[in-house]
Amino acid sequence: MDFYSQKNGKDIPLLIKHLQRNNMAGYLVQDKNELLKLLRRLIADGTTVGCGDSVTLEQTGVFEDLRNRDVDFLDKFDPSLAREEKRKIYLRNFSADTFITGTNAITMDGRLFNIDGNGSRVAPMLYGPEQVIVVAGANKITKDVEAAIKRTRQIAAPLDAKRLNKSTPCTSLGRCIDCGHRERICNDFVLIAGQFVKDRIKVIIVDEELGY
């Protein structure tokens, strides 16, 4: 799995070395089949698994796979959940054995950047779950933090706001204008530069274009 990406020209093995330097594990898989096989190794049967919103995890079938596995999947996407029940799931994520999510950007020096609306995705990434698994397409790799912020604000956030049926200016403009709209989803700006606990965060890069 540790090979130079021929699809996008990015030196992913170098990025993985930088993740390891920052006390995060890094993996490279070629497609969703390899991804699901790796996740079955990393996530043990009988454990509790929480998740954050992620188009990437939806596209690759990860959520559906978890629903069919012998794990206690804290499925926040269950349409029958009332608002308070969903909040209870958000709180349970902190004590989950594994929290799995996507990310808005990964810098070449091995840092993760995310923008969140209410913090329910980024908070468990920072603290709580014993293991955090981040899955991202190679298109999420950026040169540096400045490029990561620009990518997230000008590409990912407007598309996510549109997916969530928000009425913010970015959904019609296709770009961020740093609005003060009541439905603004760009509230929490979080940069993860490293970890105290080695390999608590595991970053899996799929050598495809996934999510946004």
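Predicted model: local features only at pLDDT ≥ 70, side-chain atom pairs only at ≥ 80, totals over all residues.
This report looks at salt bridges in the structure above.

Residues are numbered from 1 along each chain as its sequence is written, and side-chain values use heavy atoms, with hydrogens and water left out.

Searching the whole structure turns up 14 salt bridges (a side-chain nitrogen of Lys or Arg within 4 Å of a carboxyl oxygen of Asp or Glu). Here are some of them, including the one between Asp45 and Arg69.

| Salt bridge | Closest N and O atoms |
|---|---|
| Asp45 and Arg69 | 2.9 Å |
| Asp53 and Lys76 | 2.8 Å |
| Arg163 and Asp160 | 2.8 Å |

Take Asp45 and Arg69 to start. Asp45 sits in the loop between helix H2 (32-42) and strand E2 (48-51), and Arg69 in the loop between helix H4 (62-67) and strand E3 (72-73), so this pair ties together parts 24 residues apart in sequence. (Helices, H or I with at least four residues, and strands, E with at least two, are DSSP runs numbered from the N terminus.) Asp45 is exposed at 52% relative accessibility, while Arg69 is buried at 15%. Buried means under 20% relative accessible area, exposed over 50%, and partly exposed in between, using a 1.4 Å probe and protein chains only.

As for Arg163 and Asp160, both lie in helix H7 (residues 145-163), three residues apart, or about one turn of the helix. Asp53, Lys76, Asp160 and Arg163 are linked in a network of salt bridges.
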